[in-house]
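Biologist: I would like to know what lies behind the labels on this picture. Could we take them one at a time, with the definitions?

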Amino acid sequence: MNDLLLRVLKGEETERVPVWMMRQAGRYLPDYLKLKAQYDFFTRVQTPELATAITLQPVDQVGVDAAIIFSDILVIPQAMGKEVLMEEGKGPSLPVTIQTQKDVDALITENVEENLKYVMDALSLTKKELAGRVPLIGFAGAPWTILCYMVEGKGSKTWDKAKQFAYTQPLVAHSLLQKITDITIAYLKAQVKAGADTVQVFDSWAGSLSPADFKIYAQPYLLQIADALKGDVPVILFPKGTWYALKDLSESGAAGIGIDWCVSPQAAREFTGSKITLQGNFDPSKLLAPIPEIRKAVKEMIDGFGKHRYIANLGHGIMPNVPVDHARAFVEAVKEFGTK
Ligand code: CP3
């Protein structure tokens, strides 16, 4: 029974710093790549036995202290009635995007638990197979990040079309953000019912906004989600690229905040005091460095954050080209240097 992650989120003292890696399920593990060659992306996501097998791989093979359910943030646009395609090498796309209030009005927000039943089944099955070995993390995309995909229709470096939508039709944007917030709260509550011990909200593209616009288009919706879930399970917010919001977010209903590698551990602690658990913030590309360099940087990271109220993680998802022994070296270094 390893519940280090949950105890740290509650603010308790633990014997060791827990560690997991964003995007740890899938991407770089050879056993995942075998399943990927056999089944297309949404078959892997929608078949509970496959999703469970993929979720367990990093727990068994890399030794992380938590499992994160294998799924995708874009199942929410699907549940709202939008088609989402996943093309190899190209990433996700939505053939029909949101542009007007009429498009927003046509979106479905009801019955998410039934519409995404395969996620709930995958969570229940994974929970059973884990048998308490490590906690199970559920997740969803944050409203701003989901809006980005729904408006833009595909990934973007600048998200200028999503921002143009928000800046030219703010009322429509807010009605879309609120609809996404409502369905996301229901979705995360259903995940908890199905067995998620904690949930993380990925605001991967929050950093595309200015601090002023983050406060308008992202933060209020993140706070609504954190407040709605805080009585159920600890909530981790990951608004990438928003070091300036750390103080505000640390005073929210969230139990933890994930941070990227563009803020020093010391600065993040200064902004948040001892009020909240911090998670992060290893540069994912640094896992491509030689193993002795990885170990040195892990030690520095832990020294920077301290061993209390801290979850070791990457500052964003693991890269597909990371050698498995480097991922393992990262996890082992945390276990070594993070023991009290
Ligand atoms: O730990 C895990 O990997 C759990 C499963 C997971 C996936 N997506 C599976 C996936 C999680 C937590 C996500 C979240 C996700 N999806 C985010 C937020 C996190 C982040 O990285 O910022 C975002 C922005 C997406 C949208 C998305 N899905 C993109 C941009 C892509 C293509 C590029 C890529 O590989 O990430 C996907 C596809 C996707 N989702 C893959 C996986 C394993 C790769 C496709 C495949 O393996 O066939």
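Modeller: Buried means under 20% relative accessible area, exposed means over 50%, and partly exposed is in between, with a 1.4 Å probe and protein chains only. This is a predicted model, in which local features need pLDDT of at least 70 and side-chain atom pairs count only at pLDDT 80 or more, while totals for chains, interfaces and linings use all residues. Residues are numbered from 1 along each chain as its sequence is written, and side-chain values use heavy atoms, leaving out hydrogens and water.

Biologist: Why is strand β8 called mostly covered?

Modeller: Strand β8 spans residues 277–282, and six of its six residues are buried. A strand here is a DSSP run of E with at least two residues, a helix is a run of H or I with at least four, and both are numbered from the N terminus.

Biologist: What makes β7 and β8 a pair?

Modeller: Two strands pair if DSSP finds at least two bridges between them. Strand β7 (residues 256–259) and β8 have four bridges and run parallel, so they qualify under that rule. One example is I257, whose bridge partner in β8 is L278. The chain gets from β7 to β8 by way of helix α15 (residues 265–272), in a right-handed β-α-β crossover.

Biologist: What does right-handed mean for a crossover?

Modeller: With the strands pointing away from the viewer, the path from the first strand over the helix to the second runs clockwise. The unit made by β8, helix α16 (residues 291–305) and β9 is also right-handed. There, β8 pairs with strand β9 (residues 310–314) over five bridges, again in the parallel sense. N281 has N313 as its bridge partner in β9.

Biologist: How do you know whether A289 is buried or exposed?

Modeller: A289 has 16% relative accessibility and therefore counts as buried. A289 belongs to the loop between β8 and α16.

Biologist: Why is helix α9 called largely enclosed?

Modeller: Helix α9 (residues 143–152) is largely enclosed by the rest of the structure because 10 of its 10 residues are buried. Among them are W144, Y149 and E152. G153 follows α9 and has a positive phi, near 85°.

Biologist: What makes the link between Q219 and D248 a polar contact?

Modeller: A polar contact is a pair of N or O atoms within 3.5 Å; within protein, one must be able to donate a hydrogen and the other to accept it, and residues adjacent in sequence count only if both atoms are side-chain atoms. The side chains of Q219 and D248 are joined by such a contact of 3.2 Å. Q219 lies in helix α13 (residues 219–229) and is buried, at 8% relative accessible area.

Biologist: How many residues line the largest pocket?

Modeller: The largest pocket has 35 lining residues, and R23, R27, D72, M86 and P92 lie nearest its centre. A pocket is an open set of points on a 1 Å grid over the protein atoms alone, with protein on both sides within 12 Å along at least five of seven lines, and a lining residue has an atom within 4 Å of a point. The lining divides into 19 nonpolar, eight polar and eight charged residues. Helix α2 gives the most to this lining, with three residues.

Biologist: Which helix gives the most to the lining of the second largest pocket?

Modeller: Helix α16 does, with five residues.

Terms used: 1 Å grid on protein atoms, 1.4 Å probe; cavity = no way out; pocket = protein on both sides within 12 Å on 5 of 7 lines; lining within 4 Å. Nonpolar A, V, L, I, M, F, W, Y, C, P; charged D, E, K, R; others polar.
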